[in-house]
2 protein chains.
Amino acid sequence: MAKKKIAARKAPRNGDKNAPPADGIRKAAFDLFARQGFPITTVRDIMHACGLTQGALYNHFSSKDELLASIIIQTQDELERELRQALAGIGADATGQLREYVRVHTLRHTRFRTEALVANREFGWLEPIKRSEVRASRRRVRDILIGILRRGEKEGAFALPAGEGRTDAKIVAMAILNMTTHVAQWFTSGGAFSDETVAALHAEMALRLAGAKR
Amino acid sequence: MAKKKIAARKAPRNGDKNAPPADGIRKAAFDLFARQGFPITTVRDIMHACGLTQGALYNHFSSKDELLASIIIQTQDELERELRQALAGIGADATGQLREYVRVHTLRHTRFRTEALVANREFGWLEPIKRSEVRASRRRVRDILIGILRRGEKEGAFALPAGEGRTDAKIVAMAILNMTTHVAQWFTSGGAFSDETVAALHAEMALRLAGAKR
(Lines give C-alpha, C1' and ligand atoms only; values in the text may rest on other atoms or scores of the structure.)
Protein backbone atom coordinates (compact mmCIF):
# COMPACT_ATOMS: atom_id res chain seq x y z
CA MET A 1 0.00 0.00 0.00
CA ALA A 2 1.47 3.33 -0.95
CA LYS A 3 0.12 6.85 -0.72
CA LYS A 4 0.39 7.46 -4.44
CA LYS A 5 -1.21 5.09 -6.87
CA ILE A 6 1.08 2.64 -8.60
CA ALA A 7 0.45 2.06 -12.29
CA ALA A 8 -1.57 -1.15 -12.57
CA ARG A 9 0.16 -4.03 -14.27
CA LYS A 10 -1.61 -5.44 -17.27
CA ALA A 11 -2.05 -9.21 -17.29
CA PRO A 12 0.46 -10.90 -19.60
CA ARG A 13 -1.02 -11.75 -22.99
CA ASN A 14 0.06 -15.35 -22.64
CA GLY A 15 -1.78 -15.73 -19.30
CA ASP A 16 -4.13 -18.65 -18.71
CA LYS A 17 -6.95 -17.86 -21.12
CA ASN A 18 -8.99 -20.79 -19.87
CA ALA A 19 -9.22 -19.49 -16.30
CA PRO A 20 -12.74 -18.19 -15.53
CA PRO A 21 -12.80 -14.36 -15.76
CA ALA A 22 -14.05 -14.02 -12.16
CA ASP A 23 -10.82 -15.67 -10.95
CA GLY A 24 -8.70 -13.25 -12.99
CA ILE A 25 -10.64 -10.31 -11.57
CA ARG A 26 -10.20 -11.60 -8.03
CA LYS A 27 -6.47 -12.07 -8.54
CA ALA A 28 -5.98 -8.57 -9.98
CA ALA A 29 -8.04 -7.06 -7.16
CA PHE A 30 -6.01 -8.89 -4.51
CA ASP A 31 -2.80 -7.63 -6.02
CA LEU A 32 -4.01 -4.01 -6.19
CA PHE A 33 -5.64 -4.04 -2.74
CA ALA A 34 -2.34 -5.38 -1.37
CA ARG A 35 -0.23 -2.70 -3.02
CA GLN A 36 -2.40 0.37 -2.64
CA GLY A 37 -5.23 -0.56 -0.28
CA PHE A 38 -8.94 -1.05 -0.92
CA PRO A 39 -10.18 2.57 -0.51
CA ILE A 40 -8.23 4.13 -3.38
CA THR A 41 -8.30 1.18 -5.79
CA THR A 42 -10.91 1.80 -8.49
CA VAL A 43 -12.91 -0.66 -10.58
CA ARG A 44 -11.06 0.84 -13.55
CA ASP A 45 -7.66 -0.07 -12.01
CA ILE A 46 -8.77 -3.64 -11.41
CA MET A 47 -10.27 -4.24 -14.84
CA HIS A 48 -7.29 -2.62 -16.55
CA ALA A 49 -4.94 -4.90 -14.58
CA CYS A 50 -6.70 -8.04 -15.77
CA GLY A 51 -7.17 -6.79 -19.33
CA LEU A 52 -10.97 -6.63 -19.31
CA THR A 53 -13.35 -3.75 -19.96
CA GLN A 54 -14.63 -1.83 -16.96
CA GLY A 55 -18.20 -2.99 -17.53
CA ALA A 56 -17.18 -6.67 -17.49
CA LEU A 57 -16.85 -6.52 -13.70
CA TYR A 58 -20.61 -6.33 -13.38
CA ASN A 59 -21.09 -9.66 -15.14
CA HIS A 60 -19.45 -11.22 -12.09
CA PHE A 61 -19.75 -8.84 -9.12
CA SER A 62 -22.34 -6.21 -8.25
CA SER A 63 -19.71 -3.76 -6.93
CA LYS A 64 -16.14 -3.29 -5.71
CA ASP A 65 -17.50 -3.96 -2.21
CA GLU A 66 -18.89 -7.30 -3.29
CA LEU A 67 -15.59 -8.16 -4.98
CA LEU A 68 -13.69 -7.52 -1.73
CA ALA A 69 -16.22 -9.63 0.17
CA SER A 70 -15.95 -12.40 -2.41
CA ILE A 71 -12.17 -12.67 -2.14
CA ILE A 72 -12.00 -12.43 1.64
CA ILE A 73 -14.80 -14.98 2.06
CA GLN A 74 -13.23 -17.33 -0.50
CA THR A 75 -9.85 -17.16 1.27
CA GLN A 76 -11.43 -17.74 4.65
CA ASP A 77 -13.56 -20.64 3.32
CA GLU A 78 -10.51 -22.32 1.83
CA LEU A 79 -8.61 -22.01 5.11
CA GLU A 80 -11.50 -23.55 7.03
CA ARG A 81 -11.98 -26.36 4.51
CA GLU A 82 -8.27 -27.15 4.38
CA LEU A 83 -8.01 -27.33 8.18
CA ARG A 84 -11.04 -29.60 8.47
CA GLN A 85 -9.76 -31.90 5.74
CA ALA A 86 -6.29 -32.13 7.30
CA LEU A 87 -7.71 -32.92 10.73
CA ALA A 88 -10.13 -35.51 9.34
CA GLY A 89 -7.18 -37.32 7.83
CA ILE A 90 -5.30 -37.95 11.07
CA GLY A 91 -6.04 -39.72 14.36
CA ALA A 92 -7.82 -38.43 17.47
CA ASP A 93 -4.59 -37.79 19.41
CA ALA A 94 -4.65 -34.13 20.62
CA THR A 95 -0.89 -33.66 20.22
CA GLY A 96 -0.98 -34.89 16.61
CA GLN A 97 -4.03 -32.73 15.91
CA LEU A 98 -2.43 -29.60 17.34
CA ARG A 99 0.70 -30.21 15.30
CA GLU A 100 -1.34 -30.68 12.10
CA TYR A 101 -3.61 -27.68 12.75
CA VAL A 102 -0.65 -25.35 13.23
CA ARG A 103 1.27 -26.80 10.29
CA VAL A 104 -1.67 -26.23 7.90
CA HIS A 105 -2.56 -22.81 9.36
CA THR A 106 1.04 -21.62 9.01
CA LEU A 107 1.40 -22.94 5.45
CA ARG A 108 -1.78 -21.13 4.37
CA HIS A 109 -0.14 -17.90 5.57
CA THR A 110 3.23 -18.49 3.91
CA ARG A 111 1.71 -19.70 0.61
CA PHE A 112 -1.10 -17.14 0.36
CA ARG A 113 0.67 -14.16 1.91
CA THR A 114 -1.03 -11.48 -0.20
CA GLU A 115 -4.47 -12.94 0.45
CA ALA A 116 -3.76 -13.09 4.18
CA LEU A 117 -2.45 -9.53 4.36
CA VAL A 118 -5.40 -8.11 2.38
CA ALA A 119 -7.98 -10.16 4.27
CA ASN A 120 -6.65 -8.90 7.59
CA ARG A 121 -5.96 -5.27 6.72
CA GLU A 122 -9.04 -4.58 4.57
CA PHE A 123 -11.47 -6.60 6.69
CA GLY A 124 -12.94 -3.39 8.17
CA TRP A 125 -14.20 -2.27 4.74
CA LEU A 126 -16.59 -5.23 4.44
CA GLU A 127 -20.30 -4.53 4.68
CA PRO A 128 -21.71 -5.53 8.09
CA ILE A 129 -23.42 -8.72 6.85
CA LYS A 130 -20.31 -9.93 5.03
CA ARG A 131 -18.17 -8.99 8.02
CA SER A 132 -20.37 -11.16 10.26
CA GLU A 133 -20.03 -14.02 7.80
CA VAL A 134 -16.22 -13.83 7.87
CA ARG A 135 -16.21 -13.43 11.65
CA ALA A 136 -18.37 -16.53 12.01
CA SER A 137 -15.92 -18.58 9.95
CA ARG A 138 -12.96 -17.15 11.89
CA ARG A 139 -14.71 -18.13 15.10
CA ARG A 140 -15.27 -21.68 13.82
CA VAL A 141 -11.58 -21.91 12.87
CA ARG A 142 -10.57 -20.67 16.31
CA ASP A 143 -13.05 -22.98 18.04
CA ILE A 144 -11.56 -26.04 16.35
CA LEU A 145 -8.23 -25.07 17.95
CA ILE A 146 -9.81 -24.36 21.33
CA GLY A 147 -11.48 -27.79 21.13
CA ILE A 148 -8.14 -29.51 20.51
CA LEU A 149 -6.51 -27.63 23.41
CA ARG A 150 -9.35 -28.41 25.84
CA ARG A 151 -9.47 -32.08 24.87
CA GLY A 152 -5.69 -32.40 25.21
CA GLU A 153 -5.86 -30.77 28.63
CA LYS A 154 -8.68 -33.05 29.75
CA GLU A 155 -6.83 -36.14 28.55
CA GLY A 156 -3.66 -35.01 30.33
CA ALA A 157 -1.70 -34.55 27.09
CA PHE A 158 -1.35 -30.76 27.62
CA ALA A 159 -0.64 -28.56 30.64
CA LEU A 160 -1.95 -25.15 29.56
CA PRO A 161 -0.43 -22.06 31.21
CA ALA A 162 -2.48 -20.73 34.14
CA GLY A 163 -3.33 -17.15 35.11
CA GLU A 164 -4.96 -16.33 38.47
CA GLY A 165 -4.99 -20.05 39.21
CA ARG A 166 -6.96 -21.11 36.13
CA THR A 167 -6.17 -22.02 32.54
CA ASP A 168 -7.79 -20.43 29.51
CA ALA A 169 -7.66 -22.34 26.22
CA LYS A 170 -8.97 -19.27 24.36
CA ILE A 171 -5.94 -17.12 25.24
CA VAL A 172 -3.57 -19.91 24.20
CA ALA A 173 -5.53 -20.34 20.96
CA MET A 174 -5.31 -16.59 20.21
CA ALA A 175 -1.55 -16.64 20.86
CA ILE A 176 -1.13 -19.56 18.45
CA LEU A 177 -3.37 -18.01 15.78
CA ASN A 178 -1.58 -14.65 16.03
CA MET A 179 1.88 -16.14 15.73
CA THR A 180 0.90 -18.27 12.71
CA THR A 181 -1.34 -15.71 10.93
CA HIS A 182 1.30 -12.98 11.05
CA VAL A 183 3.98 -15.19 9.57
CA ALA A 184 2.51 -13.68 6.39
CA GLN A 185 4.13 -10.37 7.36
CA TRP A 186 7.70 -11.56 7.42
CA PHE A 187 7.97 -14.83 5.49
CA THR A 188 9.72 -14.76 2.13
CA SER A 189 10.35 -17.88 0.11
CA GLY A 190 14.05 -18.29 -0.44
CA GLY A 191 14.76 -17.12 3.13
CA ALA A 192 16.71 -19.01 5.80
CA PHE A 193 14.04 -21.71 6.12
CA SER A 194 11.57 -23.34 3.72
CA ASP A 195 7.85 -22.83 4.39
CA GLU A 196 7.58 -26.47 5.52
CA THR A 197 10.33 -25.88 8.10
CA VAL A 198 8.72 -22.63 9.28
CA ALA A 199 5.43 -24.54 9.63
CA ALA A 200 7.10 -27.36 11.57
CA LEU A 201 8.82 -24.82 13.84
CA HIS A 202 5.47 -23.16 14.58
CA ALA A 203 3.90 -26.55 15.32
CA GLU A 204 6.74 -27.18 17.78
CA MET A 205 6.21 -23.73 19.35
CA ALA A 206 2.46 -24.39 19.69
CA LEU A 207 3.15 -27.71 21.45
CA ARG A 208 5.43 -25.83 23.85
CA LEU A 209 2.73 -23.21 24.49
CA ALA A 210 0.21 -25.93 25.24
CA GLY A 211 2.69 -27.69 27.56
CA ALA A 212 2.46 -30.92 25.54
CA LYS A 213 3.92 -33.87 27.47
CA ARG A 214 6.29 -35.75 25.25
CA MET B 1 -13.40 1.33 10.64
CA ALA B 2 -16.69 1.42 8.80
CA LYS B 3 -17.49 2.02 5.18
CA LYS B 4 -19.69 5.00 5.92
CA LYS B 5 -18.38 7.91 7.92
CA ILE B 6 -19.47 8.10 11.51
CA ALA B 7 -20.39 11.56 12.83
CA ALA B 8 -17.35 12.86 14.69
CA ARG B 9 -17.77 13.34 18.40
CA LYS B 10 -17.14 16.82 19.70
CA ALA B 11 -14.82 17.07 22.69
CA PRO B 12 -16.74 17.64 25.93
CA ARG B 13 -16.76 21.30 26.97
CA ASN B 14 -15.40 20.39 30.36
CA GLY B 15 -12.40 18.55 28.83
CA ASP B 16 -8.86 19.28 30.02
CA LYS B 17 -8.35 22.82 28.76
CA ASN B 18 -4.75 22.82 29.94
CA ALA B 19 -3.70 19.93 27.69
CA PRO B 20 -1.54 21.19 24.78
CA PRO B 21 -3.70 21.45 21.61
CA ALA B 22 -1.38 19.13 19.67
CA ASP B 23 -2.18 16.33 22.13
CA GLY B 24 -5.92 16.90 21.70
CA ILE B 25 -5.54 16.82 17.92
CA ARG B 26 -3.52 13.58 18.10
CA LYS B 27 -6.13 11.97 20.35
CA ALA B 28 -9.04 12.96 18.09
CA ALA B 29 -7.14 11.74 15.02
CA PHE B 30 -6.36 8.39 16.64
CA ASP B 31 -10.00 7.92 17.52
CA LEU B 32 -11.21 8.76 14.01
CA PHE B 33 -8.49 6.77 12.22
CA ALA B 34 -9.44 3.81 14.42
CA ARG B 35 -13.15 4.06 13.65
CA GLN B 36 -13.16 4.96 9.97
CA GLY B 37 -9.58 4.54 8.73
CA PHE B 38 -6.99 7.11 7.66
CA PRO B 39 -7.94 7.49 3.96
CA ILE B 40 -11.46 8.84 4.42
CA THR B 41 -10.88 10.85 7.59
CA THR B 42 -10.62 14.55 6.73
CA VAL B 43 -8.80 17.36 8.53
CA ARG B 44 -12.28 18.87 9.04
CA ASP B 45 -13.46 15.69 10.87
CA ILE B 46 -10.43 15.76 13.15
CA MET B 47 -10.60 19.44 14.04
CA HIS B 48 -14.36 19.27 14.57
CA ALA B 49 -13.88 16.31 16.94
CA CYS B 50 -11.43 18.22 19.12
CA GLY B 51 -13.40 21.45 18.99
CA LEU B 52 -10.83 23.51 17.11
CA THR B 53 -11.03 25.41 13.84
CA GLN B 54 -9.83 23.63 10.70
CA GLY B 55 -6.94 26.04 10.24
CA ALA B 56 -5.62 25.41 13.77
CA LEU B 57 -4.22 22.05 12.60
CA TYR B 58 -1.53 23.86 10.64
CA ASN B 59 -0.16 25.55 13.76
CA HIS B 60 0.92 22.07 14.85
CA PHE B 61 1.17 19.78 11.81
CA SER B 62 1.93 20.51 8.17
CA SER B 63 -0.66 18.01 6.89
CA LYS B 64 -2.87 15.04 7.74
CA ASP B 65 0.04 12.84 6.60
CA GLU B 66 2.36 14.48 9.10
CA LEU B 67 -0.25 14.06 11.83
CA LEU B 68 -0.46 10.31 11.14
CA ALA B 69 3.34 10.08 11.17
CA SER B 70 3.50 12.04 14.42
CA ILE B 71 1.11 9.75 16.27
CA ILE B 72 2.58 6.50 14.96
CA ILE B 73 6.14 7.65 15.71
CA GLN B 74 5.18 8.90 19.17
CA THR B 75 3.51 5.57 20.02
CA GLN B 76 6.47 3.61 18.73
CA ASP B 77 8.97 5.84 20.61
CA GLU B 78 7.07 5.40 23.86
CA LEU B 79 7.05 1.62 23.43
CA GLU B 80 10.79 1.57 22.81
CA ARG B 81 11.55 3.91 25.74
CA GLU B 82 9.31 1.97 28.12
CA LEU B 83 10.94 -1.35 27.20
CA ARG B 84 14.46 0.04 27.65
CA GLN B 85 13.57 1.58 31.01
CA ALA B 86 11.97 -1.61 32.28
CA LEU B 87 14.96 -3.72 31.23
CA ALA B 88 17.46 -1.27 32.72
CA GLY B 89 15.67 -1.64 36.04
CA ILE B 90 16.17 -5.41 36.42
CA GLY B 91 19.15 -7.76 36.55
CA ALA B 92 21.09 -9.38 33.71
CA ASP B 93 19.35 -12.76 34.02
CA ALA B 94 17.94 -13.70 30.58
CA THR B 95 14.84 -15.41 32.00
CA GLY B 96 13.96 -12.37 34.10
CA GLN B 97 14.61 -10.07 31.14
CA LEU B 98 12.41 -12.11 28.80
CA ARG B 99 9.62 -12.13 31.36
CA GLU B 100 9.88 -8.34 31.83
CA TYR B 101 10.13 -7.60 28.08
CA VAL B 102 6.97 -9.60 27.33
CA ARG B 103 5.09 -8.20 30.32
CA VAL B 104 5.76 -4.59 29.26
CA HIS B 105 5.17 -5.28 25.55
CA THR B 106 1.82 -6.94 26.28
CA LEU B 107 0.69 -4.18 28.66
CA ARG B 108 1.44 -1.52 26.03
CA HIS B 109 -0.94 -3.36 23.72
CA THR B 110 -3.74 -3.83 26.25
CA ARG B 111 -3.52 -0.26 27.59
CA PHE B 112 -3.05 1.51 24.26
CA ARG B 113 -5.22 -0.70 22.08
CA THR B 114 -6.46 2.03 19.75
CA GLU B 115 -2.96 3.37 19.19
CA ALA B 116 -1.68 -0.15 18.48
CA LEU B 117 -4.48 -0.98 16.05
CA VAL B 118 -4.10 2.30 14.14
CA ALA B 119 -0.29 2.11 14.09
CA ASN B 120 -0.42 -1.37 12.61
CA ARG B 121 -3.31 -0.96 10.17
CA GLU B 122 -2.51 2.52 8.85
CA PHE B 123 1.28 2.07 8.77
CA GLY B 124 1.21 1.66 4.99
CA TRP B 125 -0.05 5.24 4.52
CA LEU B 126 3.11 6.76 5.99
CA GLU B 127 5.45 8.62 3.67
CA PRO B 128 8.51 6.52 2.80
CA ILE B 129 10.92 8.45 5.08
CA LYS B 130 8.57 8.26 8.06
CA ARG B 131 7.91 4.60 7.32
CA SER B 132 11.66 3.90 7.44
CA GLU B 133 11.90 5.73 10.75
CA VAL B 134 9.13 3.59 12.31
CA ARG B 135 10.62 0.43 10.78
CA ALA B 136 14.01 1.26 12.29
CA SER B 137 12.48 1.61 15.77
CA ARG B 138 10.49 -1.61 15.29
CA ARG B 139 13.73 -3.34 14.33
CA ARG B 140 15.49 -2.02 17.45
CA VAL B 141 12.59 -3.25 19.61
CA ARG B 142 12.77 -6.67 17.95
CA ASP B 143 16.56 -6.78 18.23
CA ILE B 144 16.42 -6.23 22.00
CA LEU B 145 14.27 -9.38 22.18
CA ILE B 146 16.53 -11.33 19.83
CA GLY B 147 19.49 -10.29 22.01
CA ILE B 148 17.81 -11.63 25.16
CA LEU B 149 16.94 -14.92 23.42
CA ARG B 150 20.47 -15.40 22.04
CA ARG B 151 22.11 -14.58 25.35
CA GLY B 152 19.79 -16.93 27.22
CA GLU B 153 20.56 -19.68 24.73
CA LYS B 154 24.31 -19.10 25.03
CA GLU B 155 24.17 -19.15 28.80
CA GLY B 156 22.12 -22.36 28.74
CA ALA B 157 19.01 -20.73 30.25
CA PHE B 158 16.95 -21.32 27.07
CA ALA B 159 16.61 -24.21 24.62
CA LEU B 160 15.16 -22.53 21.52
CA PRO B 161 13.14 -24.70 19.10
CA ALA B 162 15.16 -26.02 16.17
CA GLY B 163 14.23 -26.33 12.48
CA GLU B 164 16.45 -28.20 10.00
CA GLY B 165 18.86 -28.87 12.87
CA ARG B 166 19.42 -25.24 13.82
CA THR B 167 17.75 -22.67 16.05
CA ASP B 168 16.64 -19.23 14.93
CA ALA B 169 16.13 -16.58 17.62
CA LYS B 170 14.52 -14.27 15.03
CA ILE B 171 11.61 -16.63 14.33
CA VAL B 172 10.99 -17.10 18.05
CA ALA B 173 11.15 -13.31 18.52
CA MET B 174 8.60 -12.76 15.73
CA ALA B 175 6.28 -15.38 17.27
CA ILE B 176 6.49 -13.63 20.65
CA LEU B 177 6.00 -10.14 19.17
CA ASN B 178 3.02 -11.29 17.11
CA MET B 179 1.27 -12.97 20.00
CA THR B 180 1.76 -9.92 22.27
CA THR B 181 1.11 -7.18 19.67
CA HIS B 182 -2.18 -8.68 18.55
CA VAL B 183 -3.52 -8.95 22.08
CA ALA B 184 -4.76 -5.45 21.13
CA GLN B 185 -7.28 -7.13 18.80
CA TRP B 186 -9.11 -9.14 21.41
CA PHE B 187 -8.35 -7.71 24.85
CA THR B 188 -11.15 -5.86 26.64
CA SER B 189 -10.80 -4.55 30.16
CA GLY B 190 -13.41 -6.13 32.37
CA GLY B 191 -12.95 -9.48 30.58
CA ALA B 192 -12.08 -12.81 32.21
CA PHE B 193 -8.56 -11.66 33.15
CA SER B 194 -7.01 -8.30 34.14
CA ASP B 195 -4.38 -6.83 31.82
CA GLU B 196 -1.68 -7.69 34.39
CA THR B 197 -2.76 -11.34 34.34
CA VAL B 198 -2.89 -11.40 30.54
CA ALA B 199 0.63 -9.91 30.52
CA ALA B 200 1.88 -12.48 33.03
CA LEU B 201 0.29 -15.29 30.98
CA HIS B 202 2.07 -14.05 27.86
CA ALA B 203 5.37 -13.86 29.74
CA GLU B 204 4.84 -17.47 30.79
CA MET B 205 4.04 -18.47 27.19
CA ALA B 206 7.18 -16.69 25.94
CA LEU B 207 9.31 -18.58 28.47
CA ARG B 208 7.77 -21.81 27.19
CA LEU B 209 8.51 -20.84 23.57
CA ALA B 210 12.12 -20.12 24.49
CA GLY B 211 12.39 -23.43 26.34
CA ALA B 212 13.40 -21.66 29.58
CA LYS B 213 14.85 -24.10 32.11
CA ARG B 214 13.20 -23.58 35.48
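This is a predicted model: local features need pLDDT of at least 70, side-chain atom pairs count only at pLDDT 80 or more; totals for chains, interfaces and linings use all residues.

Colleague: Is B:Glu66 buried, exposed or partly exposed?

Modeller: The general idea is a count of neighbours: a residue is buried if 20 or more other C-beta atoms lie within 10 Å of its own, exposed if 12 or fewer, and partly exposed in between, with C-beta atoms placed from the backbone. B:Glu66 has 15 other C-beta atoms within 10 Å and is therefore partly exposed. B:Glu66 lies in helix H3 (residues 64-88) of chain B; helices (H or I, at least four residues) and strands (E, at least two) are DSSP runs, numbered from the N terminus.

Colleague: How far apart in space are B:Glu66 and B:Gly51?

Modeller: Their C-alpha atoms are 20 Å apart, and 15 residues separate the two in sequence.

Colleague: Which elements make up chain A?

Modeller: Chain A holds 8 helices and 2 strands, and along the sequence they follow the pattern α-α-α-α-α-α-β-β-α-α. The C-alpha atoms of chain A fill a box of roughly 60 × 40 × 35 Å along the principal axes. Of the 214 residues in chain A, 41% are buried.

Colleague: How is a contact defined, and what share of the contacts in chain A join residues at least 24 apart?

Modeller: Two residues are in contact if their C-beta atoms, placed from the backbone, lie within 7 Å. Among contacts in chain A between residues at least 6 apart in sequence, 72% join residues at least 24 apart.

Colleague: Which residues of H1(B) and H5(B) meet?

Modeller: H1(B) contributes B:Phe30, B:Asp31, B:Phe33 and B:Ala34, and these meet B:Thr114, B:Glu115, B:Leu117 and B:Val118 of H5(B). By class, that contact has 5 nonpolar, 1 polar and 2 charged residues. Here Ala, Val, Leu, Ile, Met, Phe, Trp, Tyr, Cys and Pro count as nonpolar, Asp, Glu, Lys and Arg as charged, and the others, Gly among them, as polar.

Colleague: Is B:Ala34 buried or exposed?

Modeller: B:Ala34 counts as buried because it has 20 C-beta neighbours inside 10 Å. Apart from neighbours within four places in sequence, B:Ala34 is in contact with B:Thr114, B:Leu117 and B:Val118.

Colleague: At what angle do helix H4 (residues 94-111) of chain A and H7(A) pack?

Modeller: H4(A) and H7(A) pack at about 35 degrees, with their axes 8 Å apart. A:Val102, A:His105, A:Thr106 and A:His109 in H4(A) meet A:Ile176, A:Thr180 and A:Thr181 in H7(A). The contact of H4(A) with H7(A) has 2 nonpolar, 5 polar and no charged residues.

Colleague: Which residues touch the most other members of the largest nonpolar core?

Modeller: A nonpolar core is a set of buried Ala, Val, Leu, Ile, Met, Phe, Trp, Tyr and Cys residues joined through C-beta atoms within 7 Å. In the largest one, of 115 residues, A:Ile176 and B:Ile176 touch the most other members. Leaving aside neighbours within four places in sequence, A:Ile176 is in contact with A:Val102, A:Leu145, A:Ala206 and A:Leu209.

Colleague: How many residues of chain A are in contact with chain B?

Modeller: In chain A, 30 residues are in contact with 30 residues of chain B. Helix H7 (169-181) and helix H8 (195-210) of chain A are the elements that give two or more residues to this side, and H8(A) supplies the largest share, 7 residues. The copies meet through the same surface, because 100% of the interface residues of chain A are also interface residues in chain B.

Colleague: What rotation superposes chain A on chain B?

Modeller: Copies are superposed by least squares on the C-alpha atoms of residues with pLDDT of at least 70 in both. A rotation of 180 degrees with 0.0 Å of shift along its axis superposes chain A on chain B, at an RMSD of 0.0 Å. The two copies are thus related as by a two-fold rotation axis.

Terms used. Residues are numbered from 1 along each chain as its sequence is written. Chains are lettered from A and ligands numbered from 1 in the order in which they are written. Axes are lines fitted to C-alpha atoms, for helices over the stretch in contact, and angles run from 0 to 180 degrees between N-to-C directions.
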